[in-house]
Amino acid sequence: MTPDADSAPSSPAPGGRVLTVTAGPPAAGGTFVARHEGRVVFVRGTAPGETVTARLLEDPQAKADARFWRAEALDVLEAGPDRVPTVWEEAGVDGVGGAEWAHIALPAQRRIASEVMQELLRRAGVTSFPIEQVQVEPAPHDADGLGWRTRVRYAVGPDGEVGMRGWRSHEVRPVGEDPLSAPAVRALRLGEWTAPEGTEAVDAVAPSAGPASVVLIGRDLDPETIEIPESWGDADVAVRTGRGLVPLRGDGTVHERLGERMFTVSATGFWQSHRRAAELLTEVVDSALHAPRGGSAWDLYGGVGVFAAVAAEQVGTGGSVVSVEGNRRASQLAAQNLEDLPQVSTATADVTDWVRARRGGVDAVVLDPPRAGAGVELMGLLAGAVRQRIVYVSCEPATLARDLAAIEGKGWQVKDLRAFDLFPHTHHIESVAVLERSAG
Ligand SMILES: C[S@@+](CC[C@H](N)C(=O)[O-])C[C@H]1O[C@@H](n2cnc3c(N)ncnc32)[C@H](O)[C@@H]1O
């Protein structure tokens, strides 16, 4: 697998050369490896074992010396065993991005994602955990992988049309039934609405409590001129301009219920997208963290305090938890969400800077970085500072694998590693690694 297959920038060459190829094992970015005249071709829109015609994304003459080419499947000549009718007609080659496996059976998506994850761990050199045991598990009660997206950013085209961009394309394309989005997002029917001039994107949120939310994003939008369509029902509405968030209806926040606790989140702030994700990850972190009663814990990349709440219950009022988050608004909301827990304090800081400046250790840490991962420096700092356990929640297995290999080299071992399909019909994987000091 070559992780840079997905990251090399290029725009599709219209009318690119068409090849006939047979797709083999999965590669990064939801593509599959094929070979043409000895050269590797990463093909999108296909599935293992099938033969397709595929359009090259680069000009083969200009890229004659390239190590690999990239291509998009056009016609299926011989379907592979995992192909099913797509769950989203508008997704795929020449359609919207963000559902690149919509034509692959859900169990097969998880099998393929498991192979990708295992290969990334192997390549990074992770040795302390039996890698073949890592299998991507479905989210609880998710039978069809539809209706899960509670956070959707729509793109807006030049005439105000609302849709999503194509894969590696700036073109805004219609979303049709938008089947991955949660029912409350679909009910807004944003794909049928024309956004006012100057709108660059539209965020829709279906929170677990309270009304849905719509935020129009545009540097120069004038909030006074926005007319709220009837189809948005009682949804809260805000406008985010270059000067900040201006609520038109509601207060610019949404509410999420997790067990007994309510969390307030900024309407454009981070919350796990899959409707079951926060609940599932909270349970997994709760059973893995083992923060001692009366002890100390850090929740790094803490957002609005989801895992800090878990750690706080474990250490009790005689212990201490710090939630560290770089976004000032999220950090303020974390303090507000957890104000009934005197053992919790919040810090608004870059996580690595904050940990580097810390004197003394901590019993347990949960960290949940963005896709870039924690990084080798932070893993080294944590290896020295944490006395008992680290629980690493990751949305990008490539950077997780790098970071696990780094901390293994510093006397830690992977005690458990679970992966979850929290982004069905896409190639993305959520995972949770539990780390302990190696014996001896
Ligand atoms: C994947 S989210 C996790 C949030 C939270 N744990 C949750 O589950 O809701 C990552 C969070 O890290 C924050 N973040 C990103 N880079 C950061 C950094 N270098 N230092 C501190 N926080 C950062 C983002 O603002 C975001 O809230």
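This is a predicted model: local features need pLDDT of at least 70, side-chain atom pairs count only at pLDDT 80 or more; totals for chains, interfaces and linings use all residues.

Modeller: Happy to! Residues are numbered from 1 along each chain, and side-chain values use heavy atoms, without hydrogens or water.

Glu 72 belongs to strand 5, which covers residues 68-78 (a DSSP run of E, at least two residues). With a relative accessible area of 3%, Glu 72 is buried (under 20%, 1.4 Å probe, protein chains only). Elsewhere, the charged end of Arg 39 sits over the ring of Trp 69, with 4.0 Å to the ring centre (CZ within 6 Å of the centre and within 35 degrees of the normal).

On to the rings. The whole structure holds six aromatic pairs (centres within 6.5 Å; planes under 30 degrees stacked, over 60 edge-to-face, otherwise tilted). One of them joins Phe 263 and Trp 271: their planes meet at 50 degrees, so this pair is tilted, and their centres are 5.6 Å apart. Phe 263 is buried at 1% relative accessible area, and Trp 271 is buried too, at 8%. Another pair, Trp 298 with Trp 354, is edge-to-face, with 85 degrees between the planes and 5.0 Å from centre to centre. That pair links distant parts of the chain, since Trp 298 is in strand 16 (residues 296-300) and Trp 354 in helix 6 (residues 351-356), 56 residues apart; a helix is a DSSP run of H or I, at least four residues. Trp 298 counts as buried at 4% relative accessibility, as does Trp 354 at 12%.

Finally, the ligand. The ligand is surrounded by 15 residues (a heavy atom within 4 Å), and the closest are Glu 325, Gly 326, Asp 350, Val 351 and Asp 368. An N or O atom in the Glu 325 side chain is 2.6 Å from a ligand oxygen. The side chain of Asp 350 places an N or O atom 2.8 Å from a ligand nitrogen. From Val 351, a backbone N or O atom lies 3.0 Å from a nitrogen of the ligand. On its own, the ligand has 590 Å² of accessible area, of which the protein covers 82% (Shrake-Rupley, 1.4 Å probe).

Terms used:
A polar contact is a pair of N or O atoms within 3.5 Å; within protein, one must be able to donate a hydrogen and the other to accept it, and residues adjacent in sequence count only if both atoms are side-chain atoms. Buried means under 20% relative accessible area, exposed over 50%, partly exposed in between (1.4 Å probe, protein chains only).
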